[in-house]
Amino acid sequence: MRVILASLVLLFSLFLAGSVSAQTTNVSNCTTISSPGVYVLNQSITNSANTTCIEIISSNVTFDGAGYTIDGNDTAFTYGVYVYNSSTTLTNVTVKNLTVTDWSRGIYYQNAQNGSIANNTANSNSFGIYLSSSSNNTLTNNTASSSSATGIVLYSSSNNTLTNNTASSNSNGIYLGYSDSSTLTNNNMTNNTRNFLLEGNQDSHFNNSIDTSNAVDGKPIYYIKNGANTVYNSSSNAGIFYCIWCSNVTIRDLTFTKNGYGVLFWSTNNSRIENITTSSNSYDGIHLSSSNSNTISNNNASSNQYGIVLSSSNSSTLTNNTASSNTMSGIYLRSSSTNNTLTNNKASSNTQYGIYLLSSSTNNTLTNNTANSNCVGIYLLSSSTNNTLTNNTANSNSCSGIYLYSSGNSTLTNNKASSNTQNGVYLYSSSSSTLTNNTASNNTQEGIYLYLSGNSTLTNNTASSNTRSGIYLLSSNSSTLTNNTAKNNTMNGIYLNSSSSSTLNNNTASSNEDYGIWLCLSVNTTLNKNTARSNKRIGIRLCYSSKNSTLTNDTASDNTLWDYSATDNIANGTTGVLLDTSSFAISATASNASSANVGVNLTPASSANATTISLPDVNTTTADRDRGVKYLNMTNATSLENVSRVATKVYYADDEISSLNESTLCLLYWNGTRWLCTINYVNSTIPNGPFVYDAGRDTTNNYVYAETSKFSVYGVAGNIITTSSPSTPSAPAAAVTSGAAAAAAGGPTALTPTPAPTTAPPVTPTAAAPPAPQFQAAVTSIMPGDVGRFTIPPEGRILVTELGIRAAKEITSGTVEGKTVDRPAVAPAPGDAFKYIQFTTDIGSEKIEYVDITFRVEKSWISANSIDANAVALHRYADDKWSKLPTSRASEDAVYVYYTARSPGFSYFAISGEKVPVVVTPAPAPPVTTPAAPPTTAPPVTTPAPKKGICGPSALIAIAVLVNYLSPRAGRRASQQRYAQGKRKE
């Protein structure tokens, strides 16, 4: 019996020994654990080059580090311990007593449940401990330190418990993202760049239990749910404050720093945030989401990402807050935050926007706020309509002062927007707005600029000393300007471009460097009792199809060049109305400008008979040029005795000068014995002729011109192309815009004509200089996704009327140059080429997403060459071939058809057309057969209503529609691991 008992004891002992041996496995190297059991590390693993050191793909596993270390080599996308099986959810996996260092993720659970992570140290990883889509796990007594991204992360993970964990000296301490029903107790976060962040986008994400035993830098976390009728003040010593589903709660006199949010209200109403200082938070200093009727006052939210944010939060009041030096915006209302009141807030020196309203944030009132030294001071974007801005100051911003984009029906009153790098007040696609008593001065571009913002009313505004125009309306019809003052601007006082059916009453435009009031492509405009005085060029100018306009009791006086100028007939003729035909154009200034009806009132049917006829008697013995083309003869001009200055243009066609060198064309004056080139006499008097103020040629728009002291007889002439010239024409010279410019370009500069030789001197051919740029624009500050637009002025137009550059990356500066050229030394463009154009730029191609090009084609060319007007296209030469660009017909006027095309970048371009298809009429059928049915007539094509063309000085429109860039946090889930990733090593 004793022997039997001993045997049984021995067998039981052997069974137990075998049982332990089967369940416990020693681990010495990196490995994959694919079976349940207990695995014990028996030595440290250092400088491992493995992507994953310990990979656990089985449930019911315990991995015990036994105090040893698993060390990686600090490489991206590597794992110390990785718990994951792609085909099943793992359960009951424990990792304990382990040190993990130098991994992308130290301990990583993915789709794992009911596990445990305990007594581990995660040091010097990108992420220390990371749970993703993992629920019902416990994290206990772990230390996560010196992580370049985040110490402990729970992402999209529910019902987890964190107890007695420490996160120190990380970029981010503990992060809970979209993770509901978590419980946090006695966790410590110290000396992290940002200690704690919890975020979500629905109620369940905020249904967590976090008590004040958790601490950030020694201060308790206040995570209040369903709080009511309570005041939390400095005695709470709170280090961060979340209020979830609260009502009538007040927090005051506290400082929050170095977290994700300083204060977060979620679905919290009728509460107050007072005298809070919040700074150095990675998201927002103060954030309200779906929280209504709250009061935020006397707070300082600076040096965060955003200072104060309202998201889907209505009827709140923000008063006397400071939100400055934030990396994005100071005060930010988004996602239909309506009926809020912002008063006496200061939002300055923020990297992007001072006060920013986005995404249908309507019916808000902004009063007495200061938004200086931001990119944009006050910015309303994306249907943020019906807002009221009163007595705000937006000065010295690096972009515009006040900018409304697609946010019309707004009211701006008594605001100051001065010394901004772009525009003072800028409305883009924001119609039916009212601007009253605003001041916009010393801005680098326009003072007040409306683009696609018609039906607006501007009253009693002052726009002075701006680098471009004081008030500029582009494609903004049916607007009313009353009692505005535009003075001392470097370009124009008031400029309406393609803005028809507008009314200007009692405005003053004085001492501007170019024009006082300038209308371009703006028909049916009414001017009444406006004053334009002491401007450096023209007082009131109507040009380029500004027809059917009415001037009544307007005063234009003491302007340097002319008081009035118009290229079209206007209802009430005043001094200086221009006679304009397809062959020539004349405008004049009266010597007695104070007499409104003294001087010139020319129409084609007037007593001043102007005609152009051929000019056969120009030759080298009687003229400064070889051969004449035509001349302009003014007769019966008895009403012109009061004229003091005349501008004359005479146009020519390409076939008229086919034998002449276009760069030598000149407007000649007949002094009774000889034809003299007016270019030679700029700023001097022609012998026996008038004084010449300016003269030159425009080879792009095919005219020569002169500004002289009286009406005269003029001829168009040039030098013959020599037979030794190459068969391919040289590139045309750039437009010479003045006598000084002609001299600079190598043109004639002599003030005294050379005596005529008895025989024509031999002409030595010289190599044609490359054409100078005919259009040049400086590009400044186009943000990614924004479109910068350039309107090319008529006097420098190269058949292209407008450029739009959409930025793929931020464009801080650059130059774009354009010119008409001969065909480059490559194959011809497809179809019948009209013109070749070259654009060059020093902007890197990687920064340009696309370029929109608006160009024009003469109807006479279309007709003469039997071109199908609907088949004109822009072709681009790149990669050794011509590519047809998407081109659409936009509009037309009496002379031109306008088109738009989109190009991936700049290069050589060709404007080309296709001939109208020849319709072959079938022969008549024999009489014995039934006659063929007549061909079916195609239904008429309905042409869309033409859009107005664009002309005038370059206008860089910082548009920007780029909601992704302007709202980098809209839809927080889309940027899921931004906070968690921090300075991720990968």
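Mentor: Start with pairing: two strands pair if DSSP finds at least two bridges between them. Strands themselves are DSSP runs of E, at least two residues long, numbered from the N terminus. This is a predicted model, where local features need pLDDT of at least 70, side-chain atom pairs count only at pLDDT 80 or more, and totals for chains, interfaces and linings use all residues. Residues are numbered from 1 along each chain as its sequence is written, and side-chain values use heavy atoms, with hydrogens and water left out.

Now the sheet. Three strands form an open sheet in the order E32-E35-E38, with parallel pairing. Strand E32 (255-257) and strand E38 (300-302) are the edges, each pairing on one side only. Strand E35 (residues 277-279) is joined to E38 by three bridges. Within E38, Asn300 is the bridge partner of Thr277.

Next, the loop between E32 and strand E33 (263-266), which holds Lys258. Lys258 forms a salt bridge (a side-chain nitrogen of Lys or Arg within 4 Å of a carboxyl oxygen of Asp or Glu) with Asp217, the closest N and O atoms being 3.8 Å apart. Asp217 sits in the loop between strand E27 (215-216) and strand E28 (219-225), so the pair ties together parts that are 41 residues apart in sequence. Both ends need a burial label: buried means under 20% relative accessible area, exposed over 50%, partly exposed in between (1.4 Å probe, protein chains only). Lys258 is partly exposed at 25%. Asp217 is partly exposed at 37%.

Conventions
Helix = DSSP H or I, 4+ residues; strand = E, 2+ residues; numbered from the N terminus.
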